Amino acid sequence: MGSSDEIVREFLVESYENLDQLDQDLVALEDNPGSRELLSRVFRTIHTIKGTCGFLEFGRLESLTHAGESLLSELRDGLADMDQPTTDVLLVMVDTVRQILASIETSGVEGDIAVDPVIEAIRAVLADPRTPGLPQMQGPDVHMAGGQIPDVQIPDPQIPSAGPGSPVERPGPVAASEAAIRVDVSVLDDLMRQVGELVLARNQITRLVGAGADTDLIRASQRLSLIASELQDGVMAARMQPIGHLWAKMPRVVRDLAAACGTQVHLEMVGGDTELDRALLEAVKDPLIHLVRNAVGHGIEDPRTRAGAGKPAGGVLTLRAYHAGGRVVVEVQDDGVGIDVDAIAAAAVARGLRTPQQVAALPGSELLELLFLPGFSMAGAVTNVSGRGVGLDVVHTRIAAIGGTVEVESAIGRGTTWRLRIPLTLAIISAIIVETAGERYSIPAVNVLEFIAAGGESSASTIEYVGPAPVLRVRGALLPLVGLRDVLGLPGSKGSGRQGGPDPVTVIAVLQGDTQRFGLIVDRVLDTEEIVVKPIPARLQGVGVYAGATLLGDGRVALILDVQGIASRSMAGQWLEAEPQPGEAPALPAAAGGQVLVVALAQRRRVAIPLAAVTRLERVGAEAIEHVGGREVIQYRGAIVPLVRLDHGLGPRVTTAGGDCPQQDQLVVIFTRGPRTVALAVEEVLDIMDDDPAQHAEADGGVVVDSTVLGGRVTELLDVRHVVLLGDPSFCDDDADGASIGDPATLRAVGARR
Amino acid sequence: MSSQLVTFTLAGARYGVDMLRVQEALRGPARTTIPLAGPGVAGFVNLRGQVVLTIDLRARLGIQAPAGDHEQMMVVVQVEGQPVGLLVDDVGDVVDVADRALQAPPDTLATSSRELLSGVYQLQDYLLLALDLDRVIGAGASPPVDTQNPTRSTP
C-alpha cells in the first residue's frame, strides 16, 4: 500500500507540473496555431497522464484524457485547425483534469467530478470544428465577485507545495530533470533555520576570539566564519526560485480575463529567471496577480478605444523582474489608459479620505499614493470590471509586510507601471546595532541612510526646535528628530531636554521610512551585524515599533525596530498634526523673553521672531509662488496661504505679477493661528537665541515691537500679529476685543490674558 | 482522575501549573526588556537559540515586587505551541492532586488575580493555587493588539 501511495503522489506532482506547462503551451498555440512542436508537446503531456492513470486505474481521468488525446492527435496530424473553440475546450479539459487530481490528492479517489459533458464537448469539436464546442459551458470559469474584476479561477499550480511534506517544484524547461532532485520544502526550511543558528554561533565565537591572541584559534575562527557564510549563501540559493515560476500562470490569467473584458492583450515577460526566496515568492504571488488583473481589467482599453487613441488594437502588458540595489524589482507595466490623478483626488475626497484642501496641496506623484489608502476606490465608474474596492491597499500592506515597497508611475493615455521592490530574503538581514538606555536595538540597514553626530565642540550642527519639535539642519533641509527614548517611553529623554545644559554629542541615525525621512536619536552606535530575524508574538507587533527580535553575538536578545512604525507613531504627532485645532488657538505670544528665531530679511536685515509663534519653516520652490489679485500666495497643506514679504523699511512690499521674484527656492516662516495661516518670506534662518527682555529698546511701532541686541548685533523684534495682518487682514477677526493693530501694549495684554 | 502539578512559590504562596505544559525550569537568564509591552511582560530571553517571551507573574498577579534582589527562577511552559517563561520566586515539588479536590478560589481574592486561577487545592500542609495558564499568558498580559493597519495610520 505504501509504495502505491508513493506512486500516486509522484503521479500527482508530475501531472501538476505538466498541466502548468500545458496551460502555457495551449495559450501559446492560439497565437501560433501551426506549431508542430507545441502540439506534439501538448499531445505527449496528455498521453503521459492518460497512460499513468490507466495503470493506476483512474477510469474517469483516463476516458477524459483519452478524448482530449484524440482531438490533439487530429490537430497534430493537421486534420483539424487550432482555433478559439478548440483552445477553450482543451483548457476546460485541463481544468477538469486538475479538479480530478485535486480530488485524488485530498481523498485518494477521483470523486464525482462530471467528465461526460467535457468529453461530449470534445467530441462535438472533433465532429465539426466549426461548431463552437462549448456553447456556454463552463467556458473559462469566470465568477463575477461583487462587481470586482472577473475572478478568473486559476488552478493553483502550487498545490503540491502548499503543505509541508510535499516536494519542491522545479520549474523551467522540460529537460534538465536529470541534474535536479526533488527536496521536501520542510527540509529546506529546517536547513535554513539551522544555518541561522550557525550564523549566530559563528557571531558569538568571532566575538569571543576577538580578544584572544592565539593565532591558531583566530585562524580556525576565520575559517568557521567563512564556511558559515558560504553555507548560508548556499542554503539561501537552494531556497531561491525563479520568479518565472510565479509567472507561469499569468498567460492563462491574462487570456481569460482579456477574453472576458473584450480586450486584446499581449503578455510579455522579461527576466523570469530572476530568483527570489520561496517564502517571498509565495508572499508576492497574490499582489502580483492583483496588479495584473487590474492592468487587464482597468488599464488596457478595448480595441476600438485604442484605435481611437491611435494605439495598436492589442495592448501590451509587460512583466519585468530584475535586481537593483540589493533588491528584486518586479514591474507590471501596461500601455493602457493610465491613471487620472484628478479622478483619484476627486474619489479620495468623495470617499471622505482626504479634504479638498489636502488633496490640492499634494503633488501628482503623491496623489497616486492615495490609491493605497485603505478604503480607496474609483467609485466614479463602476462597471462589471472596474472595481468598487480595488484593494490596492491590500497589495501595499502585503508587500510592506515582507519589507518591500510599491511604487506607481502613470501617464494618461500612455499607461501605468507598478513597481514592487522586494528584499532578496527575509530570514537574515543586515542590521545596525545601536544602544539606548543600556539596551541594544537593531535597525535594518536598508532603512539607515547615515549617522550624524550633532552638538559637541567639533560639530557645526546643533539640534534646534521649531515649536516643540526638535529638528536638525542637514545640508539645507530640516530633518525632524525623534528620540528613541521618547518613542519607547524610557526615562532620561535626550531629545526633549531643551532646557538642559549644553548637550554632549548627540548621535542621530538618519532613517528612511516609507514616505518620510527622519532622525532617530540614540545613545550610541555599536556595530553592524548580520542578524537572523525571529518573529515576535503578535501582541508585541501590535505595539507598532518592533519588527522582530534577534540574538546578538553575546547571546542577548535584541529587538529589531520597525522604522516605518516609529515614523507613523512619532511623526504624525509632531508634524502632521502640528496645526492647532480651531477653537483652541493659542494666543500669539508677545515678543517678551523666551526663545526667538533670528532670520535675515532682504538687505541682510536681522529680525527676531518669537519662536512660540512659529508653526514651522518651509522651503518652497520659486514656481510654487503664485499670484492672486496682485498678491503672492503659496499652496500649503491644501490651503492658499498669503506670502508676506517685508522690504527694507519693514513695510509691506507691493509685488506685481511676474515681477522680480528670484528664481530660486524661497524660505518661508509659517505662522498659523486657528484656521488662518500666513507665510513670511525670509532670506535665511540665522539662529535660535534666547531673548533677554532687559536689552529691549522701544522701537517705532509698526511691524517692529522692539529692537534688542542678539548675538552682539542689533536685531529687530517682529510683531508677529502685525505681519500676519498684513498677509491676511481677517486673521484676527475672531478676536472679540478688537485689539488695535500694532499696539504692542494691547498685544501683550492679549497674550497675558489667555 | 488525578493530575500532576509543578509547584512554585510567589511571595510565600504556592502555585501550581499542569506538569504536561511545563517544559523546564531554570535560573533566570539575562533578559531584554521590551519597552511599551505593558505590565506583566518581563522581556525576552535567549533559550538555547530561541527567543522566548517571559511573563513577570508577580506583576501579573498584582503582587508587590520582591524586596531584596532574590534571583528569580523561570518556569518555561508551552502556550499554543510556543514556549513562554514565567518568573517565579522558587520552584518546588511535583504534587499529585485529585481533580475533584479542585475548589473555586475564595471570593475574597481580588477579581484581577481570581480570574487567573482555575481553583484551589487543599493539601495537607498548604493551599495550592492552580494557575490558568491560558489566561495568564493570554489577553491582558499586553496592550490591546491593533490588527488594523499597524503601519499606515495616516490621519
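User: Before we count anything, what counts as a helix or a strand here?
Analyst: Both are DSSP runs, numbered from the N terminus. A helix is a run of H or I with at least four residues, and a strand is a run of E with at least two.

User: Good. How many helices and strands are there in chain B, then?
Analyst: Keep in mind that this is a predicted model. Reading along the sequence, chain B goes β-β-β-β-β-β-α-β-β-β-α-β-β-α. The count for chain B comes to three helices and eleven strands.

User: What share of the residues of chain B count as buried?
Analyst: A residue is buried if 20 or more other C-beta atoms lie within 10 Å of its own. Chain B has 155 residues, and the share of them that passes is 34%.

User: And what percentage of the contacts in chain B between residues at least 6 apart join residues at least 24 apart?
Analyst: Start with the contacts in chain B whose partners sit at least 6 apart in sequence. Those that link residues at least 24 apart make up 57%.

User: Let's look at β6(B), residues 50–56. How many of its residues are buried?
Analyst: Strand β6 of chain B is mostly covered. It has seven residues, and the number of them that are buried is six.

User: Which strand does β6(B) pair with in the parallel sense?
Analyst: There are two pairings to sort out. Strand β5 (residues 41–47) of chain B is joined to β6(B) by six bridges, but those two run antiparallel, with V45(B) partnered by V52(B). The parallel pairing has four bridges, and L53(B) faces V84(B) across it. So the strand you want, by DSSP's bridges, is β8(B), residues 82–88.

User: Which residue in the hairpin of β5(B) and β6(B) takes a positive phi?
Analyst: The hairpin has two residues between its strands. The positive phi is near 45 degrees, and the residue that takes it is R48(B).

User: Over to chain A. Are α2(A) and α3(A) roughly parallel or roughly antiparallel?
Analyst: Helix α2 (residues 36–55) and helix α3 (residues 59–76) of chain A have axes that come within 9 Å and cross at roughly 155 degrees. Angles over 145 count as roughly antiparallel. The two helices α2(A) and α3(A) are therefore roughly antiparallel.

User: How do the residues of the contact of α2(A) with α3(A) divide into nonpolar, polar and charged?
Analyst: On the α2(A) side the contact includes L39(A), F43(A) and K50(A), and on the α3(A) side it includes L61(A), E69(A) and R76(A). The crossing itself is left-handed. The contact divides into nine nonpolar, seven polar and four charged residues.

User: Which residues of α16(A) meet α11(A)?
Analyst: Helices α11 (residues 278–299) and α16 (residues 392–401) of chain A pack at about 155 degrees, with axes 9 Å apart. That angle makes α11(A) roughly antiparallel to α16(A). From α11(A) come A283(A), D286(A), P287(A), H290(A) and L291(A), and the residues they meet in α16(A) are V395(A), R398(A) and I399(A).

User: Last one: which are the edge strands in the open sheet of six strands in chain A?
Analyst: The order is β12-β16-β17-β15-β14-β13, with mixed pairing, and the twist averages 40 degrees from one strand to the next. At one end, β13(A) is joined to β14(A) (residues 469–474) by four antiparallel bridges, and Y465(A) stands opposite P470(A). An edge strand pairs on one side only, and those here are β12 (448–454) and β13 (463–466) of chain A.

Terms used
Residues numbered from 1 in each chain as written. Chains lettered and ligands numbered in written order. Predicted model: local features only at pLDDT ≥ 70, side-chain atom pairs only at ≥ 80, totals over all residues. Axes fitted to C-alpha atoms, helices over the stretch in contact; angles between N-to-C directions. Parallel < 35°, antiparallel > 145°, perpendicular 65-115°, else oblique. Contact = placed C-beta atoms within 7 Å. Buried ≥ 20, exposed ≤ 12 C-beta atoms within 10 Å, placed from the backbone. Left-handed = near helix turned anticlockwise from the far one by under 90°. Nonpolar A, V, L, I, M, F, W, Y, C, P; charged D, E, K, R; others polar.
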